[in-house]
Amino acid sequence: MSFAEQLSRLQAFLDADDLHEEALDYVAAHGYLTALSICPNQVPEREWIDALFAEPPHYRSDAEREEIEATLLALKAHIARQLASDDDPELPCDLDLGDDPDDSDLRGWCIGFMEGVFLREETWFEDAEEEVSELLLPIMVGSGLFDEQPEFADIAKDRNLVDEMVEQIPELLTALFLLCNAPEEKPALLKPRHH
């Protein structure tokens, strides 16, 4: 089965109505896996898979469970490769909150991303709190999770500012990935040896 076919099966599974109401749908799961791929500390597979579903799904068989979990791992690896490449990562939704942000796929993706951050919140901000906070800001705004805080409420009122912010998300992901995963010190270039 091709990766595209695996993904469409995963999408059908995650978007089905019979999962727990707090389980992440496909777009939110993509955001979540993106955050896990960036996170400076690897979260154990079992932990993040269980958290994604909120409670164990009713799989038709062990084979289905293995296939779904294997596809989640493959998607996470695919996202990590995109983040490590020179190209901006692709999101599975438009970079637009639309007229009703609460119904937009982008909001779902941002919420999923923040769920991934919350799994290891302290490690995200350990080394570069200010830079990480700044880079996360558009995703936090997009998620709507912080709208009750005055500074977020002010941003949310300015639709143009919000639109500009969410359009930057792919490049911010690359910057976050590098910030959280680049080696602390770049190795000095080897000096040419004189014969």
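A salt bridge here is a side-chain nitrogen of Lys or Arg within 4 Å of a carboxyl oxygen of Asp or Glu. The model is predicted, so local features need pLDDT of at least 70 and side-chain atom pairs count only at pLDDT 80 or more, while totals for chains, interfaces and linings use all residues. Residues are numbered from 1 along each chain as its sequence is written, and side-chain values use heavy atoms, with hydrogens and water left out.

Start with the charged pairs. Side chains of opposite charge can pair when their charged atoms come close. The structure holds 8 salt bridges. One of them joins Arg107 and Asp102, at 2.7 Å from N to O. Burial is set by relative accessible area: buried is under 20%, exposed over 50%, partly exposed in between (1.4 Å probe, protein chains only). Arg107 is buried at 8%, whereas Asp102 is exposed at 59%.

Glu47 and Arg120 also meet in a salt bridge, 2.7 Å from N to O. This pair links distant parts of the chain, 73 residues apart. Glu47 sits in helix 3 (residues 45-53), and Arg120 in the loop between helix 5 (105-119) and helix 6 (121-124). Helices are DSSP runs (H or I, at least four residues), numbered from the N terminus. Glu47 is partly exposed at 31%; Arg120 is buried at 17%.

Lys157 and Asp154 form a salt bridge at 3.5 Å, N to O. Both lie in helix 8 (residues 150-157), 3 residues apart, about one turn of the helix. Lys157 is exposed at 67%, and Asp154 is partly exposed at 49%. Elsewhere, shared partners join Arg46, Asp50, Arg65 and Glu69 into one salt-bridge network.

Now the interior. Thr34 is in helix 2 (residues 26-38). Its relative accessibility is 1%, so Thr34 counts as buried. Leaving aside residues up to four places away in sequence, Thr34 touches Ile79, Leu83, Trp109, Phe113 and Leu173. Contact means heavy atoms within 4.5 Å.

Next, the rings. Rings of Phe, Tyr and Trp (its six-membered ring) pair if their centres lie within 6.5 Å; planes under 30 degrees apart are stacked, over 60 edge-to-face, the rest tilted. The whole structure has 6 aromatic pairs. Phe53 and Tyr59 form an edge-to-face pair, 6.4 Å centre to centre with 85 degrees between the planes. Phe53 is buried at 2%, and Tyr59 is buried at 19%. Phe13, Phe53 and Tyr59 make one aromatic cluster.

Last, the cysteines. A disulfide needs two cysteine sulfur atoms within 2.5 Å. The count is 0 disulfides. For Cys39, the nearest cysteine sulfur is that of Cys180, 7.5 Å away. Cys39 is buried at 0%.

Note on methods:
Helices (H or I, at least four residues) and strands (E, at least two) are DSSP runs, numbered from the N terminus.
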